[in-house]
Amino acid sequence: MTMLDQASPSAELPLLEVKDLAQRYTLPRESMFKPAGQVHALNGVTAQVMAGRSLGVVGESGSGKSTFARLVMALEQPSSGSVSLMGRDLHRMPADELRRARRDFQMVFQDPYGSLDPRQTVARIVAEPLTALGRMDRASLRQRVAGVLRQVGLRDADMDKFPHEFSGGQRQRIAIARALITQPKLIVADEPVSALDVSVQAQVLNLLQDLQDQFGLSYILISHDLAVVDYLCDEIAVMYLGRIVEQGSPEDLFAHCAHPYTRALLEAVPRARAGGVRRRRGAQSIASQSTGATGCAYASRCPLADQHCRDTAPALRSVGPAHRAACHHAEAVMALPQVAAEG
């Protein structure tokens with residue numbers, strides 16, 4: 001049975017629906033006489049992924065990207081909000097039902113060296129998610145593993161090898177094979193190519209694109225690299241301190257960005273010039289922790305911020321067809337000379 005043989009969700013309904021997702025972490029107490037502080041890692045995130053489509057989530061370290069990925073994968077319980085896959089709320093499922101549901105959504109981790117158990121053969125690593133879901137005889141399991149290895153460009157003979165016998169790009173192919181083994185509908189990829197050489201990154205991205213075309217997969221791609229999400233994703237959500245501050249197609253965000261933070265990310269892309277490569281100014285002072293303060297979280301760094309920005313947090317609103325931004329001055333940002341992203 002191929003992935004397309006499975007019952008598919010309605011094309012009119014989202015495969016994944018995230019509503020008002022929030023996650024707060026309690027900080028260590030600085031004093032026994034003061035209450036413990038909290039970090040708002042996610043603060044009311046709402047998003048959808050349609051079947052066969054890809055959502056890219058971008059932002060610098062501390063923006064909440066990986067927390068979002070963990071909550072979508074039901075690896076943590078959110079403080080509030082919901083994550084529904086094909087209409088099923090993942091965080092309200094009993095443990096045994098959630099375990100069975102995991103065949104429909106899998107994850108590819110960032111580090112192809114640390115995410116594979118060096119003591120296990122490739123066959124056991126790739127078969128692990130399927131083994132956890134139920135019993136399958138050894139011959140059928142090996143046949144399934146061999147088939148999925150071929151799908152990612154590896155050989156049947158690789159099944160009995162160990163991770164140290166492969167390059168970084170081949171290890172990430174093994175990790176992708178492990179995610180594919182259950183024939184999922186959604187794959188969450190957290191920085192899947194950031195640990196790889198540039199030449200190998202292109203091979204892995206091409207593989208992900210080919211698998212999507214072949215099996216109708218949906219992806220959530222977590223990345224700090226704008227070129228990566230531009231290549232693979234139909235829609236991009238820009239996160240800053242636990243909130244989505246801009247969302248739209250790659251064409252809209254890169255050619256008509258409407259939020260100062262998106263503009264800063266674009267300006268931070270390295271640019272070539274005579275004498276070497278320089279990094280444009282704009283993102284050096286952006287990252288910080290969310291503390292749940294009032295007003296716009298980006299106000300202290302924004303050249304357009306006024307008192308209204310500091311007093312009132314902007315809502316994510318429409319600034320064009322299927323293009324939204326959380327900025328009181330979005331139209332003014334769009335009127336500025338736009339920054340073209342260069343690969």
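## Strand S3 and its partners

In strand S8, the bridge partner of Val 57 is Ile 222. The model in which this pairing occurs is predicted. Strand S3 covers residues 54-58 and strand S8 covers residues 218-223; the two pair in the parallel sense over five bridges. Another position along this pairing is Val 58, which stands opposite Ser 223 in S8. S3 also pairs with S9, again in the parallel sense, over four bridges. In that pairing Leu 55 stands opposite Glu 235 of S9.

## The eight-stranded sheet

S3, S8 and S9 belong to an open sheet of eight strands, whose order is S6-S7-S8-S3-S9-S10-S14-S13 and whose pairing is mixed. The edges are formed by strand S6 (105-108) and strand S13 (317-320), each of which pairs on one side only. On average, and with direction ignored, neighbouring strands of this sheet are turned by 25° against each other.

## Helices on the sheet

Helix H1, residues 65-72, lies across S3, S6, strand S7 (186-190), S8 and strand S9 (235-240), and runs at about 150° to S8. Helix H5, residues 168-180, also packs on the sheet; H5 touches S6 and S7, and its direction makes about 170° with that of S6.

H1 is mostly covered, with six of its eight residues buried. These buried residues are Lys 65, Thr 67, Phe 68, Ala 69, Leu 71 and Val 72. After H1 comes Ala 74, which has a positive phi near 60°.

## Packing of H5 against H6

How are the directions of H5 and H6 related? Helix H6 spans residues 198-215, and H5 packs with H6 at an angle of about 20°, the axes being 10 Å apart. Angles under 35 degrees count as roughly parallel, and H5 and H6 are therefore roughly parallel to each other. Their crossing is right-handed.

From H5, the residues Gly 169, Gln 172, Arg 173, Ile 176 and Leu 180 take part in the contact; they meet Val 200, Gln 203, Val 204, Leu 207, Leu 208 and Leu 211 of H6. Sorted by class, this contact of H5 with H6 comprises seven nonpolar, three polar and one charged residues.

## Burial of H3

Helix H3 consists of residues 122-133, and its buried residues are Val 122, Ala 123, Ile 125, Val 126, Ala 127, Pro 129 and Leu 130. Which elements cover the buried residues of H3? The cover includes the edge strand S6, as well as helix H4 (138-151) and H5.

## The protein as a whole

The protein has 11 helices and 14 strands. Of its 343 residues, 49% count as buried. Among contacts between residues at least 6 apart in sequence, 66% join residues at least 24 apart.

Note on methods:
Residues are numbered from 1 along each chain as its sequence is written. This is a predicted model: local features need pLDDT of at least 70, side-chain atom pairs count only at pLDDT 80 or more; totals for chains, interfaces and linings use all residues. Side-chain values use heavy atoms; hydrogens and water are left out. Two strands pair if DSSP finds at least two bridges between them. Axes are lines fitted to C-alpha atoms, for helices over the stretch in contact, and angles run from 0 to 180 degrees between N-to-C directions. Contact means heavy atoms within 4.5 Å. Angles under 35 degrees count as roughly parallel, over 145 as roughly antiparallel, 65 to 115 as roughly perpendicular and the rest as oblique. A crossing is left-handed if the near helix is turned anticlockwise from the far one by less than a right angle, and right-handed if clockwise. Ala, Val, Leu, Ile, Met, Phe, Trp, Tyr, Cys and Pro count as nonpolar, Asp, Glu, Lys and Arg as charged, and the others, Gly among them, as polar. Buried means under 20% relative accessible area, exposed over 50%, partly exposed in between (1.4 Å probe, protein chains only).
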